[in-house]
Amino acid sequence: MKKRLLYVAILLCLVVTACSDDEGAKTLPVAQMPELSEAESRAAKSVSGFDIDFFQATNDIAIKNENMVVSPLSASMFVSVLANIADESTKEQIVDALGCDDIGALNRLSSKYMDWFVNPDPKVTVRLLNAFWYDKKYTLSPGFQTISSDYFKIQNMGRDFSNSSNVVAEINAWVKSETNNMIPTALNPEEMLEDYCLVNCLYFKGIWKEKFDKAATGRAVFHGPSSNSTVDMMSNTLDCGYVEGEDFQAVDLAFGEERFTMRFILPAEDVDIDEFILSDAMKAAAEAMPVECRVGITLPRFKILPDKNHNVTEILKTIGVNMPAAGDVFDFFTVKCFKTYVIAQKATVIVDEEGAEAAALTIETDIMAPGDYVEVNFNRPFVFLINENCTGRSLFAGKVVNPKY
């Protein structure tokens, strides 16, 4: 039976391994952080709440005691596209989930991310790409053509879908190329497509501002939820952002020129990782403004492989977006398409010695002050966020319960 795949978010986060500072030197000038209007700033602040909601909802339906990574930014950008071409009921659910009903501001914000990410930092590479394969028997609607070109830079490619295996092969080749071979297949080669496939590809490669010394990496015990394991643990002492609450500690490690940061969040020893992710403490840990401290950090190397698809349709449902079973609510074309669809997301992340923001809200802490020293040992399950520091959006969010490398 044929299945039409509406959306595949192909996400690669490569937090860089063993490359020199000069590798892949940028030839384009580094882009300045975008200047946002008041409306765009409000949209970014609102959607940053969606980032954590999406991560919490994904974890809630994911397999327990397994590593997991998703991209909230990709998901929010995708549903922003749909909001432009959806019927009124679906549009209202989407903007409610995003926390912003100003679709124009959301569109302009997405456009600025697309422009900024072309070359955002000398030590960071980000590729944020959208592509749309569709059966050339259809004509794209004027509305979809407008948002494709003006805001989301969607590469629209009409193809002959009578032999969809050729289209699947083309999609897989495109994804493999854009992720530097890290994700060789987006779709099963046997996948049967009808009508169209919308793909978002997010690739991230960053070098730590202060690298870990490989000579300091050693074997140590990681206390998993069901058993202990011996893993490679990296160590460093550096000045960086730190946050502490009643139920967690958090450390911010910067990439390059500090336009991107990876926040590692360690729940208290007596707190279950999944219960923590669903709690208000998770949101507090994600949103808190750090103070700069001298931090001694111990962190495992880890790698999360792209071997699972997250069912974004089900994830959205848990945060109030009931995507219709048929695609006729979306005006991709000048005629309606009534067939069913699937929304899926795939991701991978690698963290080692070479490389891998706080949002505007704060939490109070009277424990730490700037300049204090603290040690944080990530030797039990933890959460990570990769954020851009212009608006505080999360490109990636995940948890590690069993470090593998």
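User: What makes strand β15 (residues 382-388) count as largely enclosed by the rest of the structure?

Analyst: Buried means under 20% relative accessible area, exposed over 50%, and partly exposed in between, using a 1.4 Å probe and protein chains only. For β15, 7 of the 7 residues are buried, so the strand is largely enclosed by the rest of the structure. Strands here are DSSP runs of E with at least two residues, helices are runs of H or I with at least four, and both are numbered from the N terminus. Bear in mind that this is a predicted model: local features need pLDDT of at least 70, side-chain atom pairs count only at pLDDT 80 or more, and totals for chains, interfaces and linings use all residues. Residues are numbered from 1 along each chain as its sequence is written, and side-chain values use heavy atoms, with hydrogens and water left out.

User: How do you know that both faces of β15 are covered?

Analyst: In a regular strand, side chains alternate between the two faces of the sheet. On one side of β15 sit F382, F384, I386 and E388, on the other V383, L385 and N387, and all are buried.

User: Which strands does β15 pair with, and what counts as pairing?

Analyst: Two strands pair if DSSP finds at least two bridges between them. β9 (residues 260-267) and β15 have 6 bridges, in the antiparallel sense, with M262 opposite I386. β15 and β16 (residues 394-400) also pair in the antiparallel sense over 6 bridges, and there F384 stands opposite G398. The hairpin of β15 and β16 has 5 residues between the strands, and G392 in that hairpin takes a positive phi near 80°.

User: Why is I350 called buried?

Analyst: I350 has 7% relative accessibility, so it counts as buried. You'll find I350 in strand β13 (residues 342-351). The C-alpha atoms of I350 and I304 are separated by 6.5 Å, though these residues are 46 apart along the chain.

User: How many helices and strands does the protein chain have, and how much of the chain is buried?

Analyst: The chain has 9 helices and 16 strands. Of its 405 residues, 57% count as buried.
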